[in-house]
Amino acid sequence: MTLSYERTRSLIQTADFLLQLSRSQDISDPLRNEAKRLLRHYPDADLILGLGKFEEILAATAPEDPKREVVIQLHSVILSSSMKG
């Protein structure tokens, strides 16, 4: 079973890897361009960390906990606004 912090770390490391590929002169132009294209749509580290915290809060709160609904509403706004940019 993968833990949330492991998924979060893996996503951030993937972004770093794509960035390295996009700057590497040791690989072909098509591969470098694909890494750049993927990075344009890849979430930044702050969003990834926020999603990890969101998952932790959901796992730690009961469905009837009012804090849970507040977190869901706030997170929906964050995700929606980041998806537009």
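The following questions and answers go through a predicted model of one chain.

Visitor: How many helices and how many strands are there in the chain?
Guide: From the N terminus on, the elements run α-α-α-α. The chain therefore has zero strands, and its helices, taken as DSSP runs, number four.

Visitor: What percentage of the residues of the chain count as buried?
Guide: A residue is called buried when its relative accessible area is under 20%. The chain has 85 residues, and the part of them that counts as buried is 21%.

Visitor: Among contacts between residues at least 6 apart in sequence, what percentage join residues at least 24 apart?
Guide: Contact here means heavy atoms within 4.5 Å. Among contacts in the chain between residues at least 6 apart in sequence, the share that joins residues at least 24 apart is 48%.

Visitor: In which kind of crossing does H1 pass H2, left-handed or right-handed?
Guide: The two helices pack with their axes 7 Å apart. The crossing in which H1 passes H2 is left-handed.

Visitor: Into which classes do the residues of the contact of H1 with H2 divide?
Guide: On the H1 side the contact has Ala-15, Leu-18, Leu-19, Leu-21, Ser-22 and Arg-23, and on the H2 side it has Arg-32, Ala-35, Lys-36, Leu-38 and Leu-39. Leu and Ala count as nonpolar, Arg and Lys as charged. The division is seven nonpolar, one polar and three charged.

Visitor: Is Leu-18 buried or exposed?
Guide: Leu-18 has its place in helix H1. Leaving out residues up to four places away in sequence, it touches Ala-35, Leu-38, Leu-39 and Tyr-42. The C-alpha atoms of Leu-18 and Leu-39 are 6.7 Å apart, although 21 residues separate the two in sequence. With a relative accessibility of 11%, against a limit of under 20%, Leu-18 counts as buried.

Visitor: Into which classes do the residues of the contact of H1 with H3 divide?
Guide: H1 contributes Ser-4, Arg-7, Thr-8, Leu-11 and Ile-12, while H3 contributes Ala-45, Ile-48, Leu-49, Gly-52, Glu-55 and Glu-56. Gly is counted as polar and Glu as charged. The division is five nonpolar, three polar and three charged.

Visitor: Which backbone nitrogen does the side chain of Asp-44 reach?
Guide: Asp-44 is in the loop between H2 and helix H3, which spans 45–60. Asp-44 counts as partly exposed, because its relative accessibility is 47%. Its C-alpha atom is 7.9 Å from that of Ile-12, a residue 32 places away along the chain. At 2.9 Å, its side chain reaches the backbone nitrogen of Leu-47.

Visitor: Which backbone oxygen does the side chain of Thr-61 reach?
Guide: Thr-61 sits in the loop between H3 and helix H4, residues 66–84. Thr-61 is buried, because its relative accessible area is 15%. At a distance of 2.9 Å, its side chain reaches the backbone oxygen of Ile-57.

Visitor: What distance separates the C-alpha atoms of Asp-16 and Ala-45?
Guide: Asp-16 lies in helix H1, and its relative accessible area of 42% makes it partly exposed. Asp-16 and Ala-45 are 29 residues apart along the chain, and their C-alpha atoms are separated by 9.7 Å.

Technical notes:
Residues are numbered from 1 along each chain as its sequence is written. This is a predicted model: local features need pLDDT of at least 70, side-chain atom pairs count only at pLDDT 80 or more; totals for chains, interfaces and linings use all residues. Side-chain values use heavy atoms; hydrogens and water are left out. Axes are lines fitted to C-alpha atoms, for helices over the stretch in contact, and angles run from 0 to 180 degrees between N-to-C directions. A crossing is left-handed if the near helix is turned anticlockwise from the far one by less than a right angle, and right-handed if clockwise. Buried means under 20% relative accessible area, exposed over 50%, partly exposed in between (1.4 Å probe, protein chains only). A polar contact is a pair of N or O atoms within 3.5 Å; within protein, one must be able to donate a hydrogen and the other to accept it, and residues adjacent in sequence count only if both atoms are side-chain atoms.
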